[in-house]
Amino acid sequence: MVFFGGLLALIGLVTLVFRDGDVAGVPAVGLGIGLLVVGAAAAALGVWRKKVVRRRRRERGEPEPVGDVFERAKALPRLIGAARRGEYPGLPTSRMALWGFAVLYLVSPIDVLPELLPIIGVADDAGVAAWLFTSVSTAAGLYLRHERDQDKHLRP
């Protein structure tokens, strides 16, 4: 949601700066300001939601993902391999299938909302990409946590 809000705000800013004429009968200034406000609100809501979810996970005792972006990217092939071999039950096959469908949707020329529609045509792809990156990153971070916990148990 933070990514989507930022994208909307950026589109609003670009509309304000570079667009002179009306957009689909709406003045460019009004559309730009509207997109900026909605984008900022969506980003703020996303940050708030992330904090609430993180707090709830801590209260329930659920593990937190670890590692930075590069560590998680390096762990992804190990994660997929361990999940396929059945060594890591934290990643269900259905999640990997959803990742595959998301990648197919992003590279496919067939789209729910075609790119010919201004702004909205790109938003569905951006939403799928944001979900995919977030889901993969979280799963890789949890797998890194699992690996580190296993190393602690194996070392005396």
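This is a predicted model: local features need pLDDT of at least 70, side-chain atom pairs count only at pLDDT 80 or more; totals for chains, interfaces and linings use all residues.
Helix H1 spans residues 2–18, and its axis comes within 7 Å of the axis of H2. The two axes cross at roughly 160°. Angles over 145 degrees count as roughly antiparallel, and therefore H1 and H2 are described as roughly antiparallel to each other. The handedness of the crossing between H1 and H2 is left-handed.

Gly 12 belongs to helix H1. Its relative accessible area is 0%, so Gly 12 is buried, the limit for that class being under 20%. From Gly 12 to Arg 78 the chain runs 66 residues, and the C-alpha atoms of the two are separated by 40 Å.

Next come the charged contacts. Side chains of opposite charge can pair when their charged atoms come close. In this model there are five salt bridges, and three of them are described here, including one between Arg 54 and Glu 64. The closest N and O atoms of Arg 54 and Glu 64 are 3.7 Å apart. Arg 54 has 37% relative accessibility and so counts as partly exposed.

Glu 59 pairs with Arg 55, with 3.5 Å between the closest N and O atoms. Both residues lie in H2 and are four residues apart, about one turn of the helix. How exposed are Glu 59 and Arg 55? Glu 59 counts as exposed because its relative accessibility is 60%, whereas Arg 55 is partly exposed, at 42%. The cut-off for exposed is over 50%.

Another salt bridge joins Glu 147 and Arg 78, whose side chains meet at 2.9 Å, N to O. This pair, too, links distant parts of the chain, since Glu 147 is in helix H5 and Arg 78 in helix H3, 69 residues apart. Arg 78 has a relative accessible area of 37% and is therefore partly exposed.

Which residues form the nonpolar patch? Leu 98, Phe 101, Val 103, Leu 104, Leu 106, Val 107 and Trp 131 form it, and together they have about 680 Å² of accessible area. Helix H4, covering residues 93–107, gives the most to this patch, with six residues. Trp 131 lies in helix H5 (residues 120–154). The patch takes residues with over 30% relative accessible area. Trp 131 has 37% relative accessibility, and so counts as partly exposed.

Gly 127 is also found in helix H5. With a relative accessible area of 31%, Gly 127 is classed as partly exposed, in contrast to Gly 12, which is buried.

Note on methods:
Residues are numbered from 1 along each chain as its sequence is written. Side-chain values use heavy atoms; hydrogens and water are left out. Patches are made of residues with over 30% relative accessible area and no salt bridge: like charges are joined within 9 Å, nonpolar side chains (Val, Leu, Ile, Met, Phe, Trp, Tyr) within 5 Å. Accessible areas come from the Shrake-Rupley method with a 1.4 Å probe; for residues, only the protein chains shown count as cover. A salt bridge is a side-chain nitrogen of Lys or Arg within 4 Å of a carboxyl oxygen of Asp or Glu. Helices (H or I, at least four residues) and strands (E, at least two) are DSSP runs, numbered from the N terminus. Buried means under 20% relative accessible area, exposed over 50%, partly exposed in between (1.4 Å probe, protein chains only). Axes are lines fitted to C-alpha atoms, for helices over the stretch in contact, and angles run from 0 to 180 degrees between N-to-C directions. Angles under 35 degrees count as roughly parallel, over 145 as roughly antiparallel, 65 to 115 as roughly perpendicular and the rest as oblique. A crossing is left-handed if the near helix is turned anticlockwise from the far one by less than a right angle, and right-handed if clockwise.
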